[in-house]
Amino acid sequence: MKIFWVLFRFLTMFLIFFSSIVSLTVQGFTGTYGINYGRIADNIPSPDQVVTLLRAAKIKNVRIYDADHSVLKAFSGTGLELVVGLPNDYVKDMSANADHAVNWVKENVQSFLPGTNIRGIAVGNEILGGGDTEMWAALLGAVKNIYNATQTLHLTDIQITTAHSQAVFANSYPPSSCIFKDNIVQYMKPLLEFFSQMGSPFCLNAYPFLAYMGDPENIDINYALFQSTQGIDDTKTDLHYDNMLDAQIDAAYAALEDAGFKKMEVIVTETGWASRGDDSEAAATVNNAMTYNYNLRKRLAKRKGTPLRPKMVVKAYIFAIFNEDLKPGPTSERNFGLFKPDGSIAYNIGFHGLKSSSADTLLLSLKV
């Protein structure tokens, strides 16, 4: 009888411990296909019209780069799942002032719940590896204060993340050789440790378009576009890659493993292909953008992993809903949208219920 009670108490304690671990893991992305809703433009539809557009396209998972109240109100009661963003300009203040973090979460998250289905908060975007090293040092503090604010306000089902660009990596080819840059590691490791405790994923902005543009002589464009290609072999892992996005994701997994975080999930928070560019951006065409996004959609629908992590289903947010005519930089920066400002499809990748203003024959050629 004594042995029974000992076993019973052990089992009870184990279940309590297991439940506490599971409760830390919050899912901010419940599907595999999402989209980024950027608004650096003066000619795009209202948030209410965007909701109609997204529901017609059956895109449920959405990321925005701030917490604009008109957007949050428009998304209320729609069933769409939203990740809001704390803009980079707020990061230093949130790191230094815990009270400001509580107030920000109160005003921009809690006050819209439960009507608006806010699943996560992205603290900054592409900070590590960027030009402001003071912000690098402030990122972890901002993440902790935003997370603590959600706990103080009992918002325990909000996932906290931050997205990284490829600039945090060194030696990303072949994928197994990828590590974090020496000047990034001291900031990255404590951040990963905190995310590991929370069960948050590593968020990666991955653009085969940019990789190809940077080295068109040595990269097969078909490899970047998910087209039939010879692909690459990683001799260290003996793995074959038939598309660049999988290789970029596995490079991130390799860097995480090297840093001691082998079990952390990688989620692609931005990927896309520009449909128009400057004279020096020859790969930015409607044909290539359509091919990439159509094939990416098919790839994600398979709900499969990568060669290195076959059981980790790939999830990605497409960049972006609209072309953003006020974005600075090269022409390509203003031409990543799947939709035109009037709500019509920029090119047809198989969404139903919306009219396409481009040649449907291009889509048919992709299906062959």
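Select Tyr 65. At 25% relative accessibility it counts as partly exposed, the class between buried (under 20% relative accessible area) and exposed (over 50%), with a 1.4 Å probe and protein chains only. The model is predicted: local features need pLDDT of at least 70, side-chain atom pairs count only at pLDDT 80 or more, and totals for chains, interfaces and linings use all residues. Residues are numbered from 1 along each chain as its sequence is written, and side-chain values use heavy atoms, with hydrogens and water left out.

**Stop 1**

Rings of Phe, Tyr and Trp (its six-membered ring) pair if their centres lie within 6.5 Å; planes under 30 degrees apart are stacked, over 60 edge-to-face, the rest tilted. By this rule the count is 14 aromatic pairs. Tyr 65 and Phe 319 form one that is edge-to-face, 6.5 Å centre to centre with 75 degrees between the planes. Tyr 65 sits in the loop between strand S2 (61–63) and helix H3 (69–74) and Phe 319 in strand S12 (residues 316–319), so the pair ties together parts 254 residues apart in sequence. Helices (H or I, at least four residues) and strands (E, at least two) are DSSP runs, numbered from the N terminus.

**Stop 2: Tyr 207 and Phe 336**

Select both rings. Their centres are 5.8 Å apart and their planes at 75 degrees, so this pair is edge-to-face. Tyr 207 is in the loop between strand S8 (202–205) and helix H8 (208–214), and Phe 336 in the loop between S12 and helix H12 (360–367), 129 residues apart. Tyr 207 is buried at 10%; Phe 336 is buried at 5%.

Now widen the selection. Tyr 65, Tyr 207, Phe 209, Phe 226, Trp 273, Tyr 292, Phe 319 and Phe 336 form one aromatic cluster.

**Stop 3: H5 against H6**

Show H5 (residues 98–108) and H6 (residues 133–152). Their axes come within 8 Å and cross at roughly 55 degrees. Axes are lines fitted to C-alpha atoms, for helices over the stretch in contact, and angles run from 0 to 180 degrees between N-to-C directions. H5 and H6 are therefore oblique to each other; that class is what remains after roughly parallel (under 35 degrees), roughly antiparallel (over 145) and roughly perpendicular (65 to 115).

Which residues in H5 meet H6? Pick Ala 98, Ala 101, Val 102, Trp 104 and Val 105; they meet Asn 145, Ile 146, Ala 149 and Thr 150 in H6. Contact means heavy atoms within 4.5 Å.
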